[in-house]
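Here's a quick briefing to keep beside you while you look at the model.

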Amino acid sequence: MSMVQYTNLTDPRPGLEVVRGWNDVEQVVLRSPRGDYARVSLLGGQVVSWRNDHGEELLFTSSKAIFKPPKAMRGGISICFPQFGNCGTLERHGFARNRIWALDEEHRPLNHNDNSSKASVDLILKPSEDDLKCWPRCFEFRLRVSLSKDGDLSLVSRVRNVNGKPFSFSFAYHTYLSVSDISEVRIEGLETLDYLDNLIQRERFTEQGDAITFESEVDRVYVSSPNVIAVLDHEKKRTFVTRKEGLPDVVVWNPWEKKSKTMVDFGDGEYKQMLCVDAAAAERPITLKPGEEWTGKLELSQVPSTNCSGHLDQPGII
Ligand SMILES: O=P(O)(O)OC[C@H]1O[C@H](O)[C@H](O)[C@@H](O)[C@@H]1O
């Protein structure tokens with residue numbers, strides 16, 4: 001088992017591979033026995049790479065990404081906490097993605113079925129004095145990132161109110177999937193759901209009965225969505241399956257050409273190669289009383305598509 005528990009980066013234990021990433025910040029490497037790979041930066045607890053056993057990168061990172069806070073790196077999976085988007089007083093998507101996280105010394109099993117054949121790393125974020133000035137809540141945020149022997153990537157977040165008063169927060173796993181061409185992609189599992197359209201002052205609409213396809217900018221919050229959705233990439237013949245727990249919403253975003261041209265950290269035409277599908281608690285904040293803990297989980301897997309329709313009905317997907 002390549003479970004990782006570190007107290008000190010200068011004293012690395014067998015099984016944990018640490019590399020120096022951008023700005024000299026450590027990144028932890030996870031590998032599966034068959035060759036899948038993931039890398040997690042201590043900056044933001046951000047998953048910055050996830051590759052399958054063929055060496056194909058599954059997460060998008062912009063060629064113009066900026067690797068220096070306060071700008072969050074555009075790509076991978078960033079942790080949006082304690083605020084998702086701009087609906088609050090904090091910086092966009094909260095401060096957690098711009099903080100240096102620590103390796104968690106108090107690693108503890110999540111449950112009795114905890115799969116020890118996973119490679120995993122446990123990170124922790126506690127508020128700094130400056131954080132407490134702008135968001136005066138005492139929390140501990142524990143993040144476990146794991147790679148299963150089959151290459152599935154999972155992120156488990158546990159936020160605890162360690163004392164003081166009740167507090168509320170919103171949250172998202174802001175997930176940049178790498179796709180062949182956004183026009184060739186569709187999402188199954190969000191049909192007939194209500195969504196708030198961020199492009200039209202968060203007006204509420206109801207999705208049609210068809211899988212979602214893309215032909216212009218999309219920025220929507222699908223509220224109270226099912227826990228399993230599939231992203232089908234026709235050209236790459238690949239399907240991503242997203243499973244979530246404790247996170248009611250799914251945010252779907254692609255800036256399309258016009259908006260992406262206004263983004264300094266986005267390469268020309270790269271909007272075609274990305275699709276953000278975020279498991280989120282975006283609409284209704286999560287409230288924790290003193291001593292309470294919340295858990296929010298994301299599991300991502302990818303499978304070759306043999307037949308690009310009705311994936312959610314296939315055995316093994318749900
Ligand atoms: O630029 P970022 O902070 O990574 O956010 C990028 C996007 O994230 C979410 O998906 C939001 O719904 C979008 O409105 C936002 O533009």
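**Briefing on the predicted model**

Pro-70 sits in the loop between strand E4 (47-51) and strand E5 (77-80); strands here are DSSP runs of E with at least two residues, helices are runs of H or I with at least four, and both are numbered from the N terminus. This is a predicted model, so to speak of local features takes pLDDT of at least 70 and side-chain atom pairs count only at pLDDT 80 or more, while totals for chains, interfaces and linings use all residues. Residues are numbered from 1 along each chain as its sequence is written.

**Confidence**
- Mean pLDDT (the predictor's confidence in each residue, from 0 to 100) is 90 for the protein chain, and 88% of its residues reach 70 or more.
- Residues 1-14 stay under 50 in pLDDT. Where pLDDT is low, the predicted coordinates should not be read in detail.
- For the complex, the predictor gives an ipTM of 0.97 and a pTM of 0.92.

**Fold**
- The protein chain has 2 helices and 20 strands.
- Nine strands make an open sheet in the order E6-E7-E8-E9-E20-E17-E16-E11-E14, with antiparallel pairing (a pair needs at least two DSSP bridges).
- Strands E6 (102-103) and E14 (212-213) are at the edges with a single partner strand each, so one side of each has no neighbour in the sheet.
- Strands E16 (residues 228-233) and E17 (residues 238-245) run antiparallel and are joined by 6 bridges; Val-231 has Phe-240 in E17 as its bridge partner.

**Core**
- The largest nonpolar core has 71 residues, and Val-47, Ala-172, Leu-177, Val-231 and Ala-280 touch the most other members. Such a core is a set of buried Ala, Val, Leu, Ile, Met, Phe, Trp, Tyr and Cys residues joined through C-beta atoms within 7 Å.
- Buried means 20 or more other C-beta atoms within 10 Å of a residue's own, exposed means 12 or fewer, and partly exposed is in between, with C-beta atoms placed from the backbone.

**Ligand site**
- Residues around the ligand include Arg-74, His-93, His-174, Asp-219 and Trp-253, each with its C-beta atom, placed from the backbone, within 6 Å of the ligand.
- Strands E18 (249-254) and E19 (274-288) each supply at least two residues of that shell.

- Pro-69 and Pro-70 are joined by a cis peptide bond, with omega about 10 degrees.
- Phe-81 to Pro-82 is also a cis peptide bond, omega near 0 degrees.
- Thr-192 has a positive phi near 65 degrees and counts as exposed, with 9 C-beta neighbours inside 10 Å.

Notes. Two residues are in contact if their C-beta atoms, placed from the backbone, lie within 7 Å.
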